[in-house]
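Subject: Structure handover

Hi,

Here is the structure for you to look through. My notes on it follow below.

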Amino acid sequence: MARLLVKTGGLNLPLLELRLGVNRVGRGEENDFPIHHASVSRLHCEFILSAEGVTLHDCHSTNGSFVNGQPVNESRLEVGNEVRLGKVVLLVESTEADISIPKIEREVPAPPPIMLPDGALLCPRHDENYAAFRCTHCQEIMCTSCVRMMRVKGGKPLFLCCICHHKCESIGTDDGKTKKGFFGFLQETVRSRFGHRKPPT
């Protein structure tokens, strides 16, 4: 943060820590930094802090503003410069602006579920699992690994969404187990076609 050290004693103001934008300095209490000295005007000057540094702007003061002994109306300040407002001397310690952009974390939405040729859905987070639940609030699709189960005493388990924590309902595609490979489907097909035939009499 930009700082100016007050070298003149007896002012009870050892340091000016500038905030981003306009910082008003003068004898009046309405200023950002009141300096109670007879040589300082009621509104003496402005220190303007931006990403480019600090600029001193004199506000038509009676006794003037000086940088390294030279009178100025407006001047870009550098570290080590001596600034004088009337008879009050300041030393520029830093001209850097503390500009920080807050980091906004957003939850990355899951990709849409994959639909198999038979109409079954795969979980968008665990594509090795069938989708088994849909949130009744946000409509998120999930498998049994994603859903949060809460046991209710004396009743059926309650399944909650992993995103918004609302109630989920079964979508009846599968029980969420690992999806079968090709040979698993082939065996199931053979059993369904030939496993229930009645033996000849």
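Start with a salt bridge. Arg3 pairs with Glu93, and their closest N and O atoms are 3.5 Å apart. Arg3 is in strand β1 and Glu93 in strand β11, so this contact ties together parts 90 residues apart in sequence. Arg3 is partly exposed, at 29% relative accessible area. Glu93 is partly exposed too, at 36%. Keep in mind that this is a predicted model.

**Other salt bridges**

The structure holds 6 salt bridges. Here are two others.

Arg19 and Asp32 meet through their side chains at 2.9 Å, N to O. The pair links distant parts of the chain, 13 residues apart. Arg19 sits in the loop between β2 (15–17) and β3 (21–26), and Asp32 in the loop between β3 and β4. Arg19 is partly exposed, with a relative accessible area of 42%. For Asp32, also partly exposed, the value is 32%.

Glu46 and Arg24 form a salt bridge as well, at 3.5 Å from N to O. Glu46 belongs to strand β5 and Arg24 to strand β3, so the pair ties together parts 22 residues apart in sequence. Why does Glu46 count as buried? Its relative accessibility is 14%, and the cut-off for buried is under 20%. Arg24 has 36% relative accessibility and counts as partly exposed.

**The sheet**

Both of those strands, β3 and β5, belong to an open sheet of 5 strands. The order is β4-β3-β5-β6-β9, with mixed pairing. Which strands stand at the edges? They are β4 (33–34) and β9 (74–77). Each has a single partner strand, so one side of each is left without a neighbour in the sheet.

Next, β6, which covers residues 53–58. On one side, β5 and β6 run antiparallel and are joined by 6 bridges. They form a hairpin with 2 residues between them. Within this pairing, Asp58 in β6 is the bridge partner of Cys45.

Val54 stands opposite Leu77 of β9. Leu56 stands opposite Ser75 of β9. Strand β6 is mostly covered, with 5 of its 6 residues buried.

**The nonpolar cores**

The largest nonpolar core has 24 residues. Which members touch the most others? They are Leu16, Phe47, Leu77, Val83 and Leu90. The elements giving two or more residues to this core are β1 (3–6), β5 (45–50), β6, β10 (82–85) and β11 (88–94).

Val83 is worth a look in the viewer. Leaving aside neighbours within four places in sequence, Val83 is in contact with Phe47, Leu56, Phe66, Val67, Leu77, Val88, Val89, Leu90 and Val92. Two of those names came up in the sheet: Leu56, opposite Ser75, and Leu77, opposite Val54.

**Loops and backbone angles**

Two residues other than glycine have positive phi values to check.

- His60 has phi near 55°. The residue is found in the loop between β6 and β7 (65–67). His60 is exposed, with a relative accessible area of 80%.
- Gln139 has a positive phi of about 65°. Its place is in the loop between β14 (133–135) and β15 (141–142). Gln139 is partly exposed, at 46%.

One more loop residue. Where is His165? It lies in the loop between β17 (158–160) and β18 (168–170). Is His165 buried or exposed? Its relative accessible area is 53%, and the cut-off for exposed is over 50%, so His165 is exposed. His165 and Cys135 are 30 residues apart in sequence. In space, their C-alpha atoms are 8.5 Å apart.

Best wishes

How values were computed. Residues are numbered from 1 along each chain as its sequence is written. This is a predicted model: local features need pLDDT of at least 70, side-chain atom pairs count only at pLDDT 80 or more; totals for chains, interfaces and linings use all residues. Side-chain values use heavy atoms; hydrogens and water are left out. Helices (H or I, at least four residues) and strands (E, at least two) are DSSP runs, numbered from the N terminus. Buried means under 20% relative accessible area, exposed over 50%, partly exposed in between (1.4 Å probe, protein chains only). Two strands pair if DSSP finds at least two bridges between them. A nonpolar core is a set of buried Ala, Val, Leu, Ile, Met, Phe, Trp, Tyr and Cys residues joined through side-chain atoms within 4.5 Å. Contact means heavy atoms within 4.5 Å. A salt bridge is a side-chain nitrogen of Lys or Arg within 4 Å of a carboxyl oxygen of Asp or Glu.
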